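The sequence and structure come first, and the description follows.

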Amino acid sequence: FDTPLKAAFQKQDTAYGFWLTIPSAGVAKTILRPSRGQFTWVLIDAEHGLINDTHYYELVNAVASEGASPIIRVPWGEEWMLKRALDAGAQGIVTPMCHSEEDAKKIVKYSKYPPVGTRGYGPMFAHSVPGAIGAEYDDNANDSLIVIVQIESRQGVESVEKIAAVDGIDVLFIGPFDLAKQMGVQRGGEEHEAAIQRTLKAAHSSGKKAAIFCTNGEDADNRRGQGFDMISVITDVGVLAEGMLRELGVAKGQ
Ligand code: 3PY
């Protein structure tokens, strides 16, 4: 069952998405409706921002009903957190701070139903998410859902080839902000960029996809040129603040 993100990966298309931090189906739809088809996925962020797991169901449905893949970033790679995100109908999950091969194996185990993993059964609403895996959910969840881990620490980068090789991991997602902080280096500096490039290469060498968080279109275009497969262009709050202030400046003749 090809979700929009999975289909883009199969076609080798660059999959563009954005970061949703405001718990509002209205915000998600306001962005997705006019851009229909151009954003392949939306990251529903429950690690940071205002979203918690009681918002998942409504947000997942809002995103899926506009033809994009709802991807939930859980607060941490805990089994119960992954289970609740997947049960709400997420088409993929992102877990922060994957430091090792063991971390990656644990995330795969928590994300897959037996006999592959240990995911508990109770997909409350996953069967009815529009355009998703639908009634066939139970039999196809293991193969259809996309498992994404974030590489955003020195330990993660040092183990990145082993993480990429873990069966069931689909995407390595770079968090450039945390990566810089955790490494104690400048964002955009030489060491930081080398870690990003090593992660990109490790993903592709293992036949996996590479993703990255960007803060604007120019940044995203640069990463597209480098061969990233999944790119977050900007955040909801980023656009709101920038857009409003830009127009205020115009209004003031600045
Ligand atoms: C990071 O840059 O650290 C992220 O996880 C994306 O916000």
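Axes are lines fitted to C-alpha atoms, for helices over the stretch in contact, and angles run from 0 to 180 degrees between N-to-C directions. Helices (H or I, at least four residues) and strands (E, at least two) are DSSP runs, numbered from the N terminus. The model is predicted, with pLDDT of at least 70 needed for local features and 80 or more for side-chain atom pairs, while totals for chains, interfaces and linings use all residues. Residues are numbered from 1 along each chain as its sequence is written, and side-chain values use heavy atoms, with hydrogens and water left out.

## The barrel

In this model 8 strands close into a barrel, in the order 1-2-3-4-5-6-7-8, and the pairing is parallel. Two strands count as paired if DSSP finds at least two bridges between them. Strands of a sheet pair through backbone hydrogen bonds, either parallel or antiparallel. From one strand to the next, the twist averages 25°.

One of the pairings joins strand 4 (residues 92-95) to strand 5 (residues 146-151), in the parallel sense and over 4 bridges. Within it, T95 has V149 of strand 5 as its bridge partner.

Helix 2 packs on the sheet, where it touches strand 1 (15-20) and strand 2 (41-45). A contact here means heavy atoms within 4.5 Å. The direction of helix 2 makes about 150° with that of strand 1. Helix 5 (residues 101-111) lies across strand 4 and strand 5, and runs at about 150° to strand 5.

## Helix against helix

| Helix pair | Packing angle | Distance between axes |
|---|---|---|
| Helix 2 (residues 25-32) and helix 3 (residues 56-65) | about 15° | 9 Å |
| Helix 4 (residues 79-87) and helix 5 | about 45° | 9 Å |
| Helix 9 (residues 176-183) and helix 10 (residues 190-205) | about 125° | 10 Å |

Angles under 35 degrees count as roughly parallel, over 145 as roughly antiparallel, 65 to 115 as roughly perpendicular and the rest as oblique. A crossing is left-handed if the near helix is turned anticlockwise from the far one by less than a right angle, and right-handed if clockwise. For residue classes, Ala, Val, Leu, Ile, Met, Phe, Trp, Tyr, Cys and Pro count as nonpolar, Asp, Glu, Lys and Arg as charged, and the others, Gly among them, as polar.

With an angle of about 15°, helix 2 and helix 3 are therefore roughly parallel to each other. Helix 2 passes helix 3 in a right-handed crossing. On the helix 2 side the contact is made by A25, A28, K29 and L32, and on the helix 3 side by E58, L59, A62, V63 and S65. By class, the residues of this contact are 6 nonpolar, 1 polar and 2 charged.

Helix 4 and helix 5 pack at about 45°, which makes helix 4 oblique to helix 5. Their crossing is right-handed. E79, L82 and L86 of helix 4 make the contact with I107, Y110 and S111 of helix 5. These residues divide into 4 nonpolar, 1 polar and 1 charged.

The angle between helix 9 and helix 10 is about 125°, and helix 9 is oblique to helix 10. This crossing, too, is right-handed. P176, L179, A180 and M183 in helix 9 meet E191, H192, A195 and I196 in helix 10. The contact has 6 nonpolar, 1 polar and 1 charged residues.

## Rings and loops

Rings of Phe, Tyr and Trp (its six-membered ring) pair if their centres lie within 6.5 Å; planes under 30 degrees apart count as stacked, over 60 as edge-to-face and the rest as tilted. The count comes to 7 aromatic pairs. Among them are Y57 and F125, whose ring centres are 4.1 Å apart and whose planes stand at 45°, so the pair is tilted. This pair links distant parts of the chain, 68 residues apart: Y57 is in helix 3, and F125 is in the loop between helix 5 and helix 6 (137-144).

P115 also lies in the loop between helix 5 and helix 6. A cis peptide bond joins P114 and P115, with omega about 10°.

Q12 lies in the loop between helix 1 (4-10) and strand 1. Its phi is near 65°, a positive value in a residue other than glycine.

E47 lies in the loop between strand 2 and helix 3. Not counting residues up to four places away in sequence, E47 touches R73, V74, P75, P96 and Q150. E47 and G243 are 196 residues apart in sequence and, C-alpha to C-alpha, 25 Å apart in space.
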